[in-house]
Amino acid sequence: QSSRTIAKAITTGQTASQKMTIPEGFTISAIRARAATYGIDPTAFDAALTQDLSGTKAAQRPAGTSLEGYLFPDTYVITPATTADALVRAMVNRFDAKVTDELVAGFAAQGLSLHQGLTLASVVEREVSNPADQKLVAGVFLNRLKIGMKLQSDVTVDYGRALLGKPFNTALDSPYNTYVIAALPVGPICNPGLAAMNAVARPTASKYYYFLAGKDGTTHYAETVEQHNANVQKYLR
């Protein structure tokens with residue numbers, strides 16, 4: 001660059017910046033790894049997750065739960081001056097801006113708190129990506145919760161397994177194992193996007209209690225275990 005261009009950059013305070021995109025469904029672990037490629041130290045990132053977030057929606061989460069689910073997936077500008085604390089705060093603030101009172105009221109209409117709604121949305125996010133399927137799958141899980149039926153979601157088991165560093169096992173002793181607990185996991189298993197959250201707030205009503213993703217790329221639903229087993233034989237064998 002010319003001396004004039006360099007001088008202008010210095011006197012106007014210009015700094016190099018990069019855009020970091022966090023996809024919907026990323027876990028804290030995945031965010032940490034991606035942020036590291038933009039110069040955010042992983043140890044500092046972990047420390048930033050414990051900062052005081054008073055006044056934010058994240059501060060309403062149950063004691064002892066992580067920020068999983070509260071780091072909004074979006075694009076963030078990173079400069080050499082961006083600290084881990086600032087990045088985490090920006091993601092939490094973006095969550096507050098995007099998760100409206102109307103959305104929280106939608107969770108409440110389903111009998112869910114903000115934390116519970118976000119937790120279910122994170123499961124839906126990892127189960128299916130199509131918005132129409134997300135609404136149906138959210139309805140399936142809500143149907144199960146209403147009758148005390150276990151969610152039996154593999155993605156929750158996988159999250160708990162990763163935290164413990166153990167092999168996949170549906171008998172795993174974990175508060176995230178929905179094959180064992182007849183309730184929602186203790187907290188979100190990823191950071192869901194608005195589509196998954198809206199699916200939980202405004203699910204598609206149905207009589208379905210089962211679903212599976214077939215080898216044909218389509219999600220198939222069933223009202224009874226017999227119908228579900230038939231779908232397994234038809235679409236997964």
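Predicted model: local features only at pLDDT ≥ 70, side-chain atom pairs only at ≥ 80, totals over all residues.
Just after helix α7, G148 takes a positive phi of about 75°. Residues are numbered from 1 along each chain as its sequence is written, and side-chain values use heavy atoms, with hydrogens and water left out.

**Helix α7 and what follows**

- Helix α7 covers residues 131-146, and its 16 residues should span 22 Å at 1.5 Å a residue; the end C-alpha atoms sit 23 Å apart, which agrees. The expected span here is 1.5 Å times one less than the number of residues.
- At the start of α7, a side-chain oxygen of N130 comes within 2.8 Å of the backbone nitrogen of A132. That counts as a polar contact, meaning a pair of N or O atoms within 3.5 Å; within protein, one must be able to donate a hydrogen and the other to accept it, and residues adjacent in sequence count only if both atoms are side-chain atoms.
- The buried residues of α7 are D133, Q134, L136, V137, A138, G139, V140, F141, L142, N143 and R144. Buried means under 20% relative accessible area, exposed over 50%, and partly exposed in between (1.4 Å probe, protein chains only).
- Cover for those buried residues includes α6 (114-127), α9 (194-201), β3 (210-213) and β4 (219-222).
- Further on, Q152 sits in the loop between α7 and α8 (154-164). Q152 has a positive phi of about 50° although it is not a glycine. Most residues other than glycine have a negative phi.
- Q152 is partly exposed, at a relative accessible area of 38%.

**Helix α6**

- α6 has 14 residues and reaches 20 Å from its first C-alpha to its last, close to the 20 Å expected.
- Eleven of the 14 residues in α6 are buried, so the helix is mostly covered. Among them are L114, H115, G117 and L118.
- The partners of these buried residues are α4 (84-98), α5 (101-109), α7, α8 and α9.

- M20 lies in strand β1 (residues 18-21) and is buried, with a relative accessible area of 0%.
- Not counting residues up to four places away in sequence, M20 touches R34, A35, Y38, D74, T75, Y76, I78 and L87. A contact means heavy atoms within 4.5 Å.
- M20 and Q233 are 213 residues apart along the chain, and their C-alpha atoms are separated by 43 Å.
- S2, in the segment before α1 (3-11), is partly exposed, with a relative accessible area of 39%.
- From S2 to G55 is 53 residues in sequence and 47 Å in space, C-alpha to C-alpha.

**The whole chain**

- The protein chain has ten helices and four strands. Helices (H or I, at least four residues) and strands (E, at least two) are DSSP runs, numbered from the N terminus.
- Its C-alpha atoms fill a box of roughly 75 × 40 × 35 Å along the principal axes.
- Of the 237 residues in the protein chain, 43% are buried.
- Among contacts between residues at least 6 apart in sequence, 62% join residues at least 24 apart.
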